[in-house]
Amino acid sequence: MRTLLASILLLLTAPLCAQVIAIRAGTIIDPVHGSGAKDQVILVENGKIKSIGAGLAIPAGAQVLDLSHEWVTPGLIDAHTHMTLTEIKDAPFESYYLNQSSTLRGLHGLHNVMQALQAGFTALRDVGNSAEWAMSDVRRAIDSGWFAGPTIIDSGKIIAPFGGQSLGIPPRQGPIWQFEYIDADSPAEIRKAVRTNIYYGAGVIKLVADNSAYHYSVDEIRAAVDEAHRAGLPVAVHCYTVDAADNAIEAGVDSIEHGFELTDAQLKRMKEKGIFLVGTDFPQAHLEIVGTSGGLLPEPAVLAPIIIDRLKRAHRIGVRMAFGSDTTIDMPGRTRADLMLDYLAVWRAAGIPPADILRAMTVDAAELLRINKDRGSIAVGLSADLVATPGNPLDDIENLRRIDFVMKDGKIVRRP
Ligand SMILES: [Zn+2]
């Protein structure tokens, strides 16, 4: 009888005693200092990093993971994704409004974020083009524990001047862009649009400042910044042109997205004000598929070197940067994550050192996403979002393509 009672008690108490996972790490990479600490042990308990050190005692009963021949880094972050969107080559931007429901878009987004997690992206900032808040539902599904996915910060609908990013839709068709944009054309309308997205759970506010003949003014962008910051959210602004970027910088946004034409003077002001550049630095092969975005962008062969030059200048000036891919295409035989990692080649072409690239993909991106108190670094007390690769990313950043171990919130997603 006593044995039975003891067994029942053991069963009842077992879930309360969380198992410790001990990771034997060959090298832990510190992207901030571009250094590595060799032969470390990381103890993980209840999803958090409990302790780190060389020669730490491994508690009895701990699950031991041998990564002693691997390089361990914080989980990767992409600060500019559109996981529910796939552009259709040579078709109008709006084609997928007609062909794909919000449900299908959401399921496609879920498929893409799961692939991204497998590849080592443990957090994503998804900045709109997600139908009727489909990405917000992907986030809810993951937060509910139905799927073991990455941390998702999503923007809800993109806020833009009348017309969203659609040009020349005939009046007869109606405002079909409202499927995934909120028209907002004054500070008051922008405040309402920001509140609408906050209501639906947005973790970032996304504005498109200049996809039409009428650009957002400083006052309009300032209204978004004021309203978003009051709720603790950052503001990300899509800017292709110099004028729009001037207004966004003046209004004190948190990040400029794209910013292909940013001048040195603008980059210096961004540095002074602590505004991040999320450069979405497209490889030319991707631009060939996206095209000129309805005439808004130069030809791929012209734009690709402009992007490399701007990335080089931004790094030289010392602007804070977060890695953002803006991948919206599919390619046969390749995952969305493979395509996101294609952007590494552009950063290499701009001569950015591997440690700085890794920093833009981890600790700095976490700061922009406002999750840095919990993620983006390997430190005691933070969530255990870790990846490992059999090659040193500080020697060759392309080793991030070889990630073979992924841990998300202390749970093993993938192991060698
Ligand atoms: Zn984008």
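The exercises below concern a predicted model.

**Exercise 1. The zinc site**

Task: identify the protein donors of the zinc ion and give their spacing in sequence.

Solution. 
- Step 1: the donors are His80 through NE2, His82 through NE2 and Asp326 through OD, at 2.1 to 2.2 Å from the zinc ion.
- Step 2: written along the sequence, the donor pattern is H-x1-H-x243-D.
- Step 3: His80 and His82 are both buried.

**Exercise 2. Helix H3**

Task: compare the span of H3 with the expected span, and list its buried residues.

Solution. 
- Step 1: H3 covers residues 102-119, which is 18 residues.
- Step 2: from first to last C-alpha H3 reaches 26 Å, close to the expected 26 Å at 1.5 Å a residue.
- Step 3: buried positions in H3 are Arg105, Gly106, Gly109, Leu110, Asn112, Val113, Ala116, Leu117 and Ala119.
- Step 4: Gly120 follows H3 and has a positive phi, near 115 degrees.

**Exercise 3. Arg320 and Asp364**

Solution. 
- Step 1: Arg320 sits in the loop between helices H10 and H11 and Asp364 in helix H14, so the bridge ties together parts 44 residues apart in sequence.

**Exercise 4. Arg336 and Asp330**

Task: state which partner in this salt bridge is buried and which is partly exposed.

Solution. 
- Step 1: the closest N and O atoms of Arg336 and Asp330 are 3.3 Å apart.
- Step 2: Arg336 is buried at 2% relative accessibility; Asp330 is partly exposed at 38%.

Notes. Residues numbered from 1 in each chain as written. Predicted model: local features only at pLDDT ≥ 70, side-chain atom pairs only at ≥ 80, totals over all residues. Heavy atoms only, no water. Helix = DSSP H or I, 4+ residues; strand = E, 2+ residues; numbered from the N terminus. Expected span 1.5 Å × (residues − 1). Buried < 20%, exposed > 50% of the residue type's maximum accessible area, 1.4 Å probe, protein only. Donors = N, O, S within 2.8 Å, 3.2 Å for Na, K, Ca; no water. Salt bridge = Lys/Arg side-chain N within 4 Å of Asp/Glu carboxyl O.
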